[in-house]
Every structure is written in C-alpha cells, then in structure tokens.
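These are my notebook entries on a single structure.

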Amino acid sequence: MKRLSLMQFSVSGFVSLLLVSAGVLLPQAARADIDRDATPQERARVVEVLQSQGCPVVGDVDYIQGVGFEAEDVRCNDGKEYDVFLDENFNVISKREDRD
C-alpha cells in the first residue's frame with residue numbers, strides 16, 4: 001500500500017474541496033442568469049395588481065424564472081413596506097413585511 005505524503009494529501013484534499021464547492025456554487029451562478037428585471041409591461045401589470053390590493057407604491061420588480069415576480073419596497077395603505085411575490089399569472093403568492 002502506497003503512503004501519501006502530507007503534501008500529496010493536502011493537494012488532493014484541496015482538489016476535492018474545490019470540486020465540492022463548484023458543485024454548490026455553479027447552480028447558484030446558473031440561477032443568477034435566469035433572474036432579470038421585469039419588462040415595462042410586466043412591471044405595469046404587477047403595479048396594477050398591487051394597487052388593486054391597497055399597495056400604491058411599488059419599488060423594484062424582478063422576474064425569477066420558475067417562480068414569477070418579486071416586487072420589493074411595496075408600501076401599502078397600512079403604512080408598512082413589504083416584499084411581495086407573484087406567480088407568472090400575476091397572482092400574489094407571498095407578502096412578507098420588509099423589516100430592513
């Protein structure tokens with residue numbers, strides 16, 4: 001049985017760690033490519049839906065493939081700010097108070 005020196009083990013351990021890290025980071029990098037700003041038409045529809053639900057101020061709107069839309073800094077008539085997620089058919093699926 002061949003014995004590995006500490007240097008060989010360290011290099012092999014580093015390569016293993018690098019490969020595991022790449023497996024975790026690459027899917028996240030690929031996901032970043034499918035997020036984009038909403039088009040002007042999509043943003044207008046999101047704003048229309050949120051205004052009809054008592055939220056007249058809408059900040060940034062992004063499209064997330066496979067999820068739908070994320071509207072940030074949404075201010076509603078209750079005076080609070082929310083992050084709101086809508087599906088691809090513009091139905092609200094989540095509304096969380098923004099505590100930042």
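**Entry 1: salt bridges**

I looked up Glu42 and found that it counts as buried, because its relative accessibility is 15%. I take buried as under 20% relative accessible area, exposed as over 50% and partly exposed as in between, with a 1.4 Å probe and protein chains only. The model is predicted, so I note that local features need pLDDT of at least 70, that side-chain atom pairs count only at pLDDT 80 or more, and that totals for chains, interfaces and linings use all residues. Residues are numbered from 1 along each chain as its sequence is written, and side-chain values use heavy atoms, with hydrogens and water left out.

I recorded four salt bridges in the structure; the term requires a side-chain nitrogen of Lys or Arg within 4 Å of a carboxyl oxygen of Asp or Glu. One of them joins Glu42 to Arg36, with N to O at 2.9 Å. Arg36 is partly exposed, at 35% relative accessibility.

Another links Arg45 with Glu48, whose closest N and O atoms are 3.5 Å apart. Both residues belong to helix α2 (residues 40-52) and stand three residues apart, about one turn of the helix. I assign helices (H or I, at least four residues) and strands (E, at least two) as DSSP runs, numbered from the N terminus. Arg45 has a relative accessible area of 35% and is partly exposed; Glu48 is also partly exposed, at 47%.

I noted as well the pair Arg75 and Glu81, with closest N and O atoms 2.4 Å apart. Glu81 is partly exposed at 25%, and Arg75 is partly exposed at 38%.

I then listed a surface patch of negative charge formed by Asp37, Asp60, Asp73 and Asp100. Patches are made of residues with over 30% relative accessible area and no salt bridge, with like charges joined within 9 Å and nonpolar side chains (Val, Leu, Ile, Met, Phe, Trp, Tyr) within 5 Å. Asp37 sits in strand β1 (residues 35-37) and is exposed, with a relative accessible area of 55%. Asp73 sits in strand β3 and is partly exposed at 36%.

**Entry 2: backbone**

Most residues other than glycine have a negative phi. Phe90 likewise is not a glycine and has a positive phi, of about 70°. Phe90 is located in the loop between β4 (81-86) and β5 and counts as buried because its relative accessibility is 18%.

From Phe90 I turned to Gly68, 22 residues away along the chain, and found their C-alpha atoms separated by 7.7 Å. Gly68 belongs to strand β3 (residues 68-75) and is buried, at 0% relative accessibility. Not counting residues up to four places away in sequence, Gly68 touches Asp62, Tyr63, Leu86, Asp87 and Glu88.

Methods. Contact means heavy atoms within 4.5 Å. Accessible areas come from the Shrake-Rupley method with a 1.4 Å probe; for residues, only the protein chains shown count as cover. Lys and Arg count as positive and Asp and Glu as negative; His and the chain ends are not counted. The place of a charge is taken as NZ of Lys, CZ of Arg, CG of Asp or CD of Glu.
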